[in-house]
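Here is a colleague's note to read alongside the model, arranged as numbered points. Please keep the structure open while going through them.

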Amino acid sequence: SIKKAELTKRILENKSQVATATEAMEREEAVLNQTKEKLLQKRSQKDELSERVVAKREELADSQQKSQELLRQYHMESSKLASLKNLAERYEGYGQSIRRVMEKKDSMSGIVGVVADIFKVDKKYETAVETALGGSIQNVVTEDESIAKELIQYLKKNRFGRATFLPLTTVCASQGRVKDEVFHENGVIGNLASLVEKEGRFEGLIEYLLGRFVLVDTIDHAMALAKKYHHSLRIVTLEGDLINPGGSMSGGAYRNSSNLLGRRREMEQLEQSVAIIKKKYDQGQNKIEKVEEELQKLIKLVSGKEEELKSCAIEENTANINYQHAVELKEHNELEYHTILQDG
């Protein structure tokens, strides 16, 4: 019958509409799942970048803190160095007459310097050398005797006090060296003159000042040595005890050692230390610049990801709406189909 054929045709049409709607819904679902996947991916990328920003900020803060600490050290050591230089330039710790002579060093050629300026000594021998030198640590070294004479006249004329001058042309080691066997005795460290660093032209002068001194580790060894050699030696210990030929002894502790020898060594150490700190600080500043650049790049990447996330969220929203529409369409078609079947 016509009615039957009509019905069959409608059923077939609806069936194919349902199939099409189902296909469309599945397509939209796939798109939706894809956008969700993409959104998750972008979000985790953004989170990872944000974590890197946090880490970079910490690295920057750490570098800045280290840099501040180095700057503090630099200022501290530099000001120590400046005040030591200031003391040295004013010849602080020296007698007035010496200071007056040294004021002329720049305007008058031929003044070499004070004894403490012409050689270097290891920290462990400083006390012994300073003790052995005694007052002569403040003697003024000149190139020759005519300059010494001129300076003596200058001190007299102005009533600036007395000073002792050591002209390089006339000062030489006094006769009579210490016997070699002495240096093999118990506790003997060596000849004091050989333990200081000096330029060749001061060789004779240092020999004159320190050549007769035997350096010994302790006062007990010094006393035993003095006795064995019938009090003929000049002996000094690391702690600054002194035994003179003839048997007189001196010792004790300086109340406030001017440490004229140590001052130069300390200045050299500070100069090295300041240079090292400066280098570290400069390296640190370079690192800070690099880290700041890296941080800015990361922040840019994060904001780029945020933009991507926004557009992904819009995509997902659209896909979700499309999917809902497809679901509704499919359900509507299915309902129609069932109605037709029931009508049949």
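Contact, as the word is used in this note, means heavy atoms within 4.5 Å. The model is a predicted one.

1. On the overall form, the protein chain has a secondary structure of 7 helices and 10 strands. The chain is more spread out than a compact globule, because its radius of gyration is 47 Å, well over the 20 Å that the globule rule gives for 344 residues. Taken along the principal axes, the C-alpha atoms fill a box of roughly 155 × 50 × 35 Å.

2. Of the contacts with a separation of 6 or more, 73% are accounted for by residues 24 or more positions apart.

3. Helix 3 (residues 123-133) and helix 7 (residues 260-343) have axes that come within 9 Å and cross at roughly 155 degrees. Angles over 145 degrees count as roughly antiparallel, so helix 3 is described that way relative to helix 7. The residues that meet here are Lys123, Glu126, Val129 and Glu130 from helix 3, and Leu260, Leu261, Gly262 and Arg265 from helix 7.

4. Serine 67 belongs to helix 1 (residues 2-89). Is this residue, serine 67, buried or exposed? Serine 67 counts as buried, because its relative accessibility of 5% falls under the cut-off of 20%. Once its neighbours within four places in sequence are left aside, serine 67 is in contact with Tyr281, Gln285 and Ile288.

5. Lysine 149 and proline 167 are 18 residues apart in sequence, and their C-alpha atoms are 9.8 Å apart in space.

6. Another open sheet has 5 strands in the order 5-7-8-9-10, again with mixed pairing. Strand 5 (188-191) and strand 10 (249-250) are its edge strands, each of which pairs on one side only. Strand 5 pairs with strand 7 (residues 213-216) in the antiparallel sense over 3 bridges; here glycine 190 has leucine 215 as its bridge partner, while asparagine 191 stands opposite valine 214. Strand 7 and strand 8, in turn, pair in the parallel sense over 4 bridges, with leucine 215 standing opposite valine 236 in strand 8.

7. Which residues of strand 7 are buried on one side and on the other? Phe213 and Leu215 are buried on one side and Val214 and Val216 on the other, so that both faces of strand 7 are covered. Helix 6 (residues 219-228) lies across strand 5, strand 7, strand 8 (234-237), strand 9 (242-243) and strand 10, and runs at about 170 degrees to strand 8.

8. Two residues deserve a look at their backbone angles. Most residues other than glycine have a negative phi. Tyrosine 91, however, has a phi near 50 degrees, a positive value, and lies in the loop between helix 1 and helix 2 (96-102); at 13% relative accessibility, tyrosine 91 counts as buried. Histidine 231 also has a positive phi, near 50 degrees, and lies in the loop between helix 6 and strand 8; at 36% relative accessibility, histidine 231 counts as partly exposed.

Terms used: Residues are numbered from 1 along each chain as its sequence is written. This is a predicted model: local features need pLDDT of at least 70, side-chain atom pairs count only at pLDDT 80 or more; totals for chains, interfaces and linings use all residues. Side-chain values use heavy atoms; hydrogens and water are left out. Two strands pair if DSSP finds at least two bridges between them. Helices (H or I, at least four residues) and strands (E, at least two) are DSSP runs, numbered from the N terminus. Axes are lines fitted to C-alpha atoms, for helices over the stretch in contact, and angles run from 0 to 180 degrees between N-to-C directions. The radius of gyration is taken over C-alpha atoms; the globule rule is 2.2 Å times the number of residues to the power 0.38. Buried means under 20% relative accessible area, exposed over 50%, partly exposed in between (1.4 Å probe, protein chains only). Angles under 35 degrees count as roughly parallel, over 145 as roughly antiparallel, 65 to 115 as roughly perpendicular and the rest as oblique.
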